[in-house]
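Thank you all for coming; I would like to take a few minutes to go through one chain with you. Please have a look at the sequence and the model first, and then we will go through them together.

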Amino acid sequence: MREIDQLRPLTAGRLLAIWREGCREAGDPLERSLLTNAQVLSECCFFQGEPAFSGREDVLEALTAPEMERLLEGLCGAGSGGMENPGFDMERFAAMQEG
């Protein structure tokens with residue numbers, strides 16, 4: 001796998017555009033998933049400030065499906081509790097619920 005030192009999340013609007021492009025290009029759900037995930041990774045993966053991939057075809061040639069999945073999980077923060085807010089204070093929340 002290529003060296004990647006930074007994952008930069010895309011905006012929700014860009015993710016939606018990528019999904020719509022994939023839907024137009026591929027009717028098969030597996031093909032659509034691979035194409036859209038590869039496009040997301042091509043735009044999110046960086047090494048030393050430069051894109052790690054030249055495009056989605058480069059991603060598909062360089063990575064296995066499990067490697068793509070691990071990077072996407074890292075992008076979503078799945079390894080750190082998913083979409084959890086790091087500033088969330090459970091004790092303060094519980095106190096607010098009581099009062």
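Predicted model: local features only at pLDDT ≥ 70, side-chain atom pairs only at ≥ 80, totals over all residues.

Residues are numbered from 1 along each chain as its sequence is written, and side-chain values use heavy atoms, with hydrogens and water left out.

Turning to the fold, the chain has five helices and three strands, where helices are DSSP runs of H or I with at least four residues and strands are runs of E with at least two, numbered from the N terminus. Along the sequence they follow the pattern β-α-α-β-β-α-α-α. Of the contacts with a separation of 6 or more, 58% are between residues 24 or more positions apart, contact meaning heavy atoms within 4.5 Å.

Helix α1, residues 12–25, packs against helix α2, residues 29–44, at an angle of about 145°, with the axes 9 Å apart; the axes are lines fitted to C-alpha atoms over the stretch in contact, and angles run from 0 to 180 degrees between N-to-C directions. On the α1 side, the residues making this contact include Ile18, Trp19 and Gly22, and on the α2 side they include Leu35, Gln39 and Val40.

Next, the core. Of the 99 residues, 25% count as buried, that is, under 20% relative accessible area, with exposed over 50% and partly exposed in between, using a 1.4 Å probe and protein chains only. The largest nonpolar core has 13 residues, and among those with the most contacts inside it are Leu41, Phe53, Val59 and Met68; such a core is a set of buried Ala, Val, Leu, Ile, Met, Phe, Trp, Tyr and Cys residues joined through side-chain atoms within 4.5 Å. Helix α2 gives the most to this core, with four residues. Leaving aside neighbours within four places in sequence, valine 59 is in contact with Ala38, Leu41, Ser42, Phe53 and Met68.

Finally, alanine 65 lies in helix α4 and counts as partly exposed because its relative accessibility is 47%. Its C-alpha atom is separated by 9.6 Å from that of alanine 38, 27 residues apart along the chain.
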